[in-house]
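Thanks for coming, everyone. Please have the sequence and the structure open. I'll go residue by residue, then out to the whole chain.

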Amino acid sequence: MNEINHKTVFVLDHTPYFGISCESPIDCDFIKSKIPVPPISKSLWTCAVEASVEYCRIAYDLFPVGKLIRFVVSDTAAHIVNTWNTNTQSLTHIMNAMSMVGVPPRQTQASDYSVIHGLRAAIEALAEPTEFQKEQLVAHAGKSDNFKLVNRGRVICITSARDDASMKSLEDIFRTVLVQQNSISAGHKEYINIDQCHLVIINLYPANMESMVSNRALIDISPILMSEIHSNKANNISNKLTHLILPHFDLASTTVTGIPMKEEQNASSSANYDVEIFHGRTAHSVFLGTELVLPHSLKEGSDYDTVTLKWCTPRSCGSSEMQPCLAQCRVTPVDVTSRPSSCLINFLLSGRSVLLEMPKKSGGKITSHLLSAHGGEIFIHSLNTARSCLEDPPSISEGGGGRVTDYRIKDFGLLMQQHRLLPLKPLPERQPDDNLQKMRTKLSRNSRYWPLTLGRTVLYNVRQFVEPVLVLTQKPELSEDEKMLCLKSIYNLSQLEERQETLALPNMGHRLKGNKKEEQYRLLWSELETIVNCNGSSPGHKAIVSCIRECRRMYPNADGSDPYDKSHGTEGNASDAHRASVIRATTDSPMSPPHSMAGSSSGGGGGGGGGATNASGGVGADAASATVTVGSGSTASLLGARGTIGSSKKSFGSGGRSLLDVLASTERTISQKRIDFSGRLCTPQGQIAKLYSHLGSKDSDSGQGRAPDVK
C-alpha cells in the first residue's frame, strides 16, 4: 500500500469568491403546480463539494480498504474535515462535516482569506503516518534490515486564480512548504518524510466567463514534486474529476448497452438503456494481444474512452454456470442516482449474472465478460476466450466430454496435502509473511518439473522402483541414511537396466521412438536427474545426481553422443579395465567369449606371447579382485563398470573393432592357453623342429627281421 493513491487530500477553497453562482441554471417543474418556478443555479462551492464527494464515492466503492481520502477546507484558516483514521473515512462523515461548514459568505471585509492555509495543512497531513504505515514502522523497529518506508501522496486543490502567474506562485509556495515539512519531519517522531507528492490544481470559474489560466500537463517541479493544472467551468467539474480518477486509481470504463427495461409509465412495453460502470483496468488489459477487439469510443460529454459491451441473456449464478476467468474487479456505476443504474444494480444483487459480448477480429461475437454479485458486492469477470486448459477435462468416472483421461489426479492431491497452509498466531519476532514466503519457495522448488499426465512421463509410471528418490529428495537437506537409501534405489534400477527388462509403460508413442528399451531407460534417467536437480542443491542431492549421471552414460542421446562427454571427460584406462573385469566376472557365464575393454591393443595389437601373457594375467588378476569386491558389498565399482561397458559398446558400434578383430583376438587367446609341442620347446631358436624324430630308426630295425613287401 505504498502507492501514490494510498493518500489523497482534497483542498477546497472556501473563500467568498466560491459563494457566487456558477451561472448554469437548472429548470424545475412541479407537476401539481401551475405557477412557473424560476430556474436555480448552484454556487461554485456546491459544484466543488459535489464533484469531490463523487470522486470519494467511486474510490470507496472500488477500494474498501487501503485508499484513504482527507478533506481540508481553507478560508481564513485550515479546517480539517476528517483524519486518516478509518472511522472517519466514510461519505456520511464527510457530508455531515460539509453541511456544517456551509456556503462561503458573499461579502466580507476580512482580507486573510487564502487557499494557502489549506495547502499547508494538506502537506502536514501527508507527513502524518496512516495506520498501515504505523504497522510497518512498528514491525521493522529495532531491526537492522535497512528498511525505509516510502511515503507518497496526492493533493487535489480546487481553487480559482486570475492568471498563469498566480498559479506559478501557488506552486512555488507549495514546493517551499513541502521542503520545510521534510526538514521538520527529520527531527519529529510523529511525522514521516514525504518521498513523492502529486499536486493537481483545478481552476474553477463560472460558465459565462473566460479564464486566463491555461491547462498544463503533468511536469516535474522538483525530485519530490510533480504538478498539473486544469482549468474548467464550474458545471463541468464533475466530468473533470470523473476523468481524473481513472488514471489516479488505474480504472477503466465499460458501457453496458442494450439493457432491456420496462418503461416506468407503461409496464407492458420495454426499452433498451445503457449503463456506464467503472472498474479496475485489468478487466480490459488481460485481452491485449488476443484476437478480441475492444470497442473503444469517446464518452459523450467527456474526454475519456469507454468500452461498449452488449447485454446478453441473464442467467442464475450457480456452480454449474461457473466459468474460468482471467481477472475479477469490483464495479461501481458512474451515475449512481439514475434509474437504469439502480435497476441493473438491484438485478445483479438479486443473484442473477449477466454475460457481456464483444466483436472478434475474424467476425462474429464472443462472450468476454460476466457481471455477477458475490457477498453483496458486484464484480466484472474477464472470461477466458482462448483455448482453455479445462477444455479437455479428465474422465474420472465415465470419460465423457474429454480426450485426456490420464491426469495424475492422486499425485496432485498428494502435492496439495504436502503444501497445505495453516493459520499461525502472529508473534512479534516473526515476520508477517515469513512462513508464506517459505511455502512459496518450497512449492516453486517441488513443482518446477511436474508432468500433468502419465502419458508425458516415464518416471512416474515406474515410481515403485525409485519411490525413495522421489519422496526424500523433496527435503532441502538429506541425512546420510536417506542418501544411501536413494543410492540403493538407483543401483536396483541400474540392475533392471543391466538385465534389459522392459518397463511396463502406457501408450507413449508420441514420446518414445518405437517404445525401445534403450529409449525408455534414456528418458527415465533424464527425468530422474531433472527432478533431483530441481528439488535441491545440498551435498546429498549432488551425490545422487552424480550417481544418476554415471548410470546415464550407459545409454547415449538419441543422436548417439554421450550426454556428459563435455562435462565429465574420459576416465583412466586402468580404472576402466579394472571395473569392467569386475562386472564381467560377476555377470558373464563360463561360455562367454573373453572381453577386451581396451580395444584390440591387448588382444591383437601385441604379437606373440607378450600380448597373450598380459591378457591372461589381467583376466586372472581381475577375477581374483572381483571376488573380494563382490564379497565386500561395494556396488560403486559395479556401477562404475557399467559406464565403461557402455563406452565399449559405443566403440564397437562406431567401427573401433570389427568382427574379424574380435574373432582373431579370441583365437589367439585360446591358443595361448594350450601346452606347446615338446619338439618346439626342445629345439634351439632358429632351427627347424623335427616331428617324429625316432620314426626312421624304428623302420630300419623292423626291416631286418621281415621280408620286403610285395608290390
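Start at His284. Setting aside residues up to four places away in sequence, His284 touches Ala252, Ser253, Thr254, His279, Leu294, Val307 and His369. One caution before we go on: this is a predicted model. Where does His284 sit? His284 is found in helix H7, residues 282-285. Buried or exposed? His284 has a relative accessible area of 5%. That is under the 20% cut-off, so His284 counts as buried.

Next, Asn182. This residue lies in helix H5, residues 164-186. Asn182 is buried too, with a relative accessible area of 13%. Its contacts are Asn193, Ile194 and Ile224, again not counting residues up to four places away in sequence. Now look across to Glu124. Asn182 and Glu124 are 58 residues apart in sequence. In space, C-alpha to C-alpha, they are 9.5 Å apart.

On to a helix pair. In general, two packed helices are described by the angle between their axes and the distance between the axes. Take H1, residues 44-62, and H2, residues 91-101. Their axes come within 11 Å and cross at roughly 170°. Angles over 145 degrees count as roughly antiparallel, and H1 and H2 are therefore roughly antiparallel to each other. Who meets whom? From H1 we have Trp45, Val49, Val53, Cys56, Arg57 and Tyr60. From H2 come Leu91, Ile94, Met95, Met98 and Val101. By type, the residues of this contact are ten nonpolar, no polar and one charged.

Stay with Met98. Leaving aside neighbours within four places in sequence, Met98 is in contact with Leu12, Trp45, Val49, Phe71, Val73 and Val81.

That brings us to the core. The largest nonpolar core has 40 residues. Which members touch the most others? Phe71, Met98, Ile158 and Leu241. Several elements give two or more residues to this core, including strand E1 (7-13), strand E2 (68-74), strand E4 (152-159) and helix H6 (237-248). The largest share, 13 residues, comes from H1. Where does this core lie? Domain 1 (7-249) and domain 2 (252-383) both give residues to the core, so it lies between them.

Last, the whole chain. There are 22 helices and 16 strands. Of the 711 residues, 38% are buried. And for contacts with a separation of 6 or more, 70% join residues 24 or more positions apart.

That's my tour. Over to you.

Note on methods: Residues are numbered from 1 along each chain as its sequence is written. This is a predicted model: local features need pLDDT of at least 70, side-chain atom pairs count only at pLDDT 80 or more; totals for chains, interfaces and linings use all residues. Side-chain values use heavy atoms; hydrogens and water are left out. Axes are lines fitted to C-alpha atoms, for helices over the stretch in contact, and angles run from 0 to 180 degrees between N-to-C directions. Helices (H or I, at least four residues) and strands (E, at least two) are DSSP runs, numbered from the N terminus. Angles under 35 degrees count as roughly parallel, over 145 as roughly antiparallel, 65 to 115 as roughly perpendicular and the rest as oblique. Contact means heavy atoms within 4.5 Å. Ala, Val, Leu, Ile, Met, Phe, Trp, Tyr, Cys and Pro count as nonpolar, Asp, Glu, Lys and Arg as charged, and the others, Gly among them, as polar. Buried means under 20% relative accessible area, exposed over 50%, partly exposed in between (1.4 Å probe, protein chains only). A nonpolar core is a set of buried Ala, Val, Leu, Ile, Met, Phe, Trp, Tyr and Cys residues joined through side-chain atoms within 4.5 Å. Domain bounds come from an automatic or database domain assignment.
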